[in-house]
Amino acid sequence: MARQFSVKRLPGFSTIAMICFIGLYMPIVTLVVYAFNAGTSIAVWEGFSLRWFYSAWNNTQVVDASIRSLQIAFCAAIVATVVATMAAIATTRTAQYRGLTFKYAFINLPLLVPEIVTAVALLIFFSQIKVYTGYSGLGYLIAAHAAFCIPFAYLPIRARLESMDLTLERAAADLYATPFQAFRYVTLPLLWPGILAGMILGFVISLDDVVITEFVKSGGQDTLPTYMLGQLRRVVTPEMNAISTVFLLLSFAIVTIFFFLSRNEKTS
Amino acid sequence: MQRKLGFAALALALLGSTAIAHAEGELNIYNWGNYTSPEMIKKFEDTFKVKVTVTDYDSNDTALAKIRQGGHGFDIVVPSASVMPIWISEGLLLESRPDQMENFKNVDPQWVDVPFDPGRHYSVPWQWGTTGVTVNKSAYAGDINTSAIFLDPPAELVGKVNVVPEMSDVMHMAVTYAGGEPCTGDKAILKKTRDILIAAKPKWASMAYGNVEQYIKNDLMAGVNWNGASFRARLGNKDVAYGYPKEGYPIWMDNASIVKDAKNVDNAKLFLNFIMDPENAGMISTFARYANGIKGSDAFMPADMKGAPEIDIPEELKAAGKFNLACAPEIQEIYTKIWTELQK
Amino acid sequence: MAISPAEASEIVRKKDIRSRWLLSAPALILIAVAGVGPLLIVVVYSFLAPGNYGDVKWEFSTEAWFNVLLSRDIFDDTVTLADAHLSIFLRSIQLAIVTTVLCVVFGFPTAYFIATRPIHTRQIWLFLITIPFWTNMLIRAFAIQEVIRNEGIVNSLLMGLGLIAAPIPMMFSDFAILVGMTYVFLPLMVLPLYASIDKLDFRLIEAAYDLYASRFNVLMRVIVPLVKPGLIAGSILVFIPALSSYVIPRVLGGGKNLMIGNLIELQFGQGRNWPLGASLSVTLVIIVLFAMLYYVRNASRSGGTHG
């Protein structure tokens, strides 16, 4: 009651948000704790040890798979975000035109088809290309991942665009900005939160994909999730927790760097 | 702008770096995940100066679908006994004649004339095991060598049973429990099987993989399980025991074979011969913790595996174990229907 | 770079539809290759006969479609409605709807909270939402198990506080599936919502308060309509993957009851009936497509006054 009245405050919202954050991090904390387990179990604590970090580091299959996962997710998220941004600009803030609804449904299609179906179909399709071209690099996986990341990037960007108003761009045009300048200096900065949200989603979705990767991958192209899937039927050791912990540290590092970069941009 | 160009360049570099050129002395192995001993691979690489790449799969069906489509680039694949006849009849495997290789003398005679590859013209035993029942003796002291443990659980175990969602194994056990042969087409038996399964399901806690932890922590007290998983659970909880259902239980065996369109056939043959050496076979078992089919390999395995009740089948229960083989398509369809109805 | 002057002027003038097609072409092509191609293959496969051991035989058959809705009893050959398939579909739809609602309930306040932080900390909060997702889905599912197990964190905490005497069994239930799916899909709701709320014009809200609107009225009558695009985007992103989710029901739900994703996987995998898997998939796509079109049309009709 003593708090100052703020138009932005809605009662209870901050509490729910805090519950969300705690809920999100509770399993993550247990995951990290067991990465330091001396025993072989992911649920029975037997003392502190770094053995699983050593074992993960020395397991070339795991290290390779981790790097490959990051490579694919990075490339796929970039590709998906760029094409999704273009598509979002093309499909918003316009009068209904022929094909608009079609485009909308079309872009969201990868979302509608169950993963296993896309996986089997892509296996059939890409195998033919592999046989004819002899190329069996990561391109197939990146293309497949980029395709299913598009809706995840497109929807937030489009949502952002729809809630943006056109006046600033019109003003820029009135001030003789070239259309490119208007896009670069007006639309893009305004759109940036949507693009960022879309790119993060795409990255995370790609990082997690298992079924499509399992079917599309060629020899020596295991990603972390497919490696993990292979363990599911046998036994899961804290080695996976150790790798996950390293990934978490990596993401924290990226966030920190990002934070300082964006602060410098503000001050300069 | 520059940053974006940088990204594009990086992306291109990544694409380029991963299109590995086919150098001489390579071997591409496609195997079950977490199943290939890295030490053994290292030894093979050092001995023959061959670069080995191991890629994982998670089910026989994925592996089959993938090899069937072509363009995969794999040399060695390790199908289970159940699907070996499909691989052979569809011409996906090379008749590499392991039976004429130098180290074939080490193969245990009981695994030579196997129904899925008589005389071993295509494949070499990798590892084998059984699907049976795991029971926590502190919860139930009765006979554990029976499928009744999960198909008609005693009161002590109700609600604490896990059944691994492996259709062919579970159906094999249920059909033999109902008095039939595996893959039977006898409608009366199948009907009985379905009724038994549906009546048993409410008494189960779950149908999930990855249950070693739960057995160790007494969250689960019984269930259908693989011998290796049960073995690991016992190492963490001495009350955990493994039973071989006397009504019938499936034996599985994974078999290293050469793919028909393999690019590195010579290296692949070297590899098949290599894993029939007792020391190397011992390394495989030490890593994945299942028995192999090579005589004399026990000498190279950890002490806790020797004489383990999960690995040595008691003499009187040996006859109840049968290879789990793929059923005819029309039988498979009925199995799937029962399985779907069970989980609706 | 990819934007030529002609295209950008179109953005400003909203006239040239052709350049709109050009602009969306890369996305459309990529999806055509890796999204629509598969769907066409699946439609074709649903009209073929199953191969003996997986794959298909190239002969026309409507058997698979017959089996989606109807079931010939394996023992007495009577034809009935395929209640196994129907109940699996219904159950999946119910769980997906509840998951979506839970994601809105938790995700909306969270997105609002983030969007109302000072500008330079917003991105930090945003990243905090996504950081847990840098870990693998399977290992995350196991970690959730650790939280809700009988001797897990929640139960130990409640028992330690003396709030409950015996652990509440949560594992292997629909509750566990809902917890898991809400956990996994929450960022898919929060991020689009954030992108929308971030653009919220708080002068409108101030105006509403000046007119003596209550907090609840401001939320429902002003904020929600304004952020509707984000709400729609988030709901789609959560609902559809939840409907065909596969790992979470297996690991947390105990897998005793199949969901659509598991059912389809069964046909392509152990069941070795690809045409049935294909026809079930097409059925799922049709259901989702109609639900989405209906939803989008209704939502844009009622909220079409802004923008």
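These legends accompany close-up views of one predicted model. Residues are numbered from 1 along each chain as its sequence is written, while chains are lettered from A and ligands numbered from 1 in the order in which they are written. In this predicted model, local features need pLDDT of at least 70 and side-chain atom pairs count only at pLDDT 80 or more, but totals for chains, interfaces and linings use all residues.

**View 1. Chain A has 12 helices and 0 strands.**
Helices (H or I, at least four residues) and strands (E, at least two) are DSSP runs, numbered from the N terminus. The pattern along the sequence is α-α-α-α-α-α-α-α-α-α-α-α. The C-alpha trace of chain A spans about 70 × 65 × 35 Å along its principal axes. Chain A holds 268 residues, and 56% of them count as buried. A residue is buried if 20 or more other C-beta atoms lie within 10 Å of its own, exposed if 12 or fewer, and partly exposed in between; C-beta atoms are placed from the backbone. Take the contacts in chain A between residues at least 6 apart in sequence: 78% join residues at least 24 apart. Two residues are in contact if their C-beta atoms, placed from the backbone, lie within 7 Å.

**View 2. Glu239(A) sits in helix H12 (residues 239-267) of chain A.**
Glu239(A) is buried, because 22 other C-beta atoms lie within 10 Å. Leave aside its neighbours within four places in sequence, and Glu239(A) is in contact with Trp52(A), Ser55(A) and Ala56(A). Ile28(A) is 211 residues away from Glu239(A) along the chain, and their C-alpha atoms are separated by 15 Å.

**View 3. Chain A meets chain C.**
The contact takes 97 residues from chain A and 87 residues from chain C. On the side of chain A that touches chain C, 72 residues are nonpolar, 13 polar and 12 charged. Ala, Val, Leu, Ile, Met, Phe, Trp, Tyr, Cys and Pro count as nonpolar, Asp, Glu, Lys and Arg as charged, and the others, Gly among them, as polar.

**View 4. Chain C meets chain B.**
Here 27 residues of chain C are in contact with 31 residues of chain B. Helices H4 (83-115), H12 (247-251) and H13 (260-268) of chain C each supply at least two residues of the chain C side. H4(C) gives the largest share of that side, 3 residues. The chain C side has 11 nonpolar, 11 polar and 5 charged residues.

**View 5. Strand S6 (residues 123-136) of chain B is largely enclosed by the rest of the structure, because 14 of its 14 residues are buried.**
Two strands pair if DSSP finds at least two bridges between them. S6(B) and strand S11 (residues 249-258) of chain B run antiparallel, joined by 7 bridges. Trp128(B) stands opposite Met253(B) in S11(B). S6(B) also runs antiparallel to strand S9 (residues 222-226) of chain B, with 5 bridges. There, Thr131(B) has Trp226(B) as its bridge partner. Another 4 bridges join S6(B) to strand S10 (residues 240-243) of chain B, again antiparallel. In S10(B), Val240(B) is the bridge partner of Asn136(B).

**View 6. Helices H6 (residues 167-177) and H7 (residues 187-200) of chain B pack at an angle of about 110°, with axes 9 Å apart.**
That makes H6(B) roughly perpendicular to H7(B). H6(B) contributes Ala174(B), Val175(B) and Tyr177(B) to the contact, and H7(B) contributes Ile189(B), Thr193(B), Ile196(B) and Leu197(B). These residues divide into 6 nonpolar, 1 polar and no charged. Axes are lines fitted to C-alpha atoms, for helices over the stretch in contact, and angles run from 0 to 180 degrees between N-to-C directions. Angles under 35 degrees count as roughly parallel, over 145 as roughly antiparallel, 65 to 115 as roughly perpendicular and the rest as oblique.
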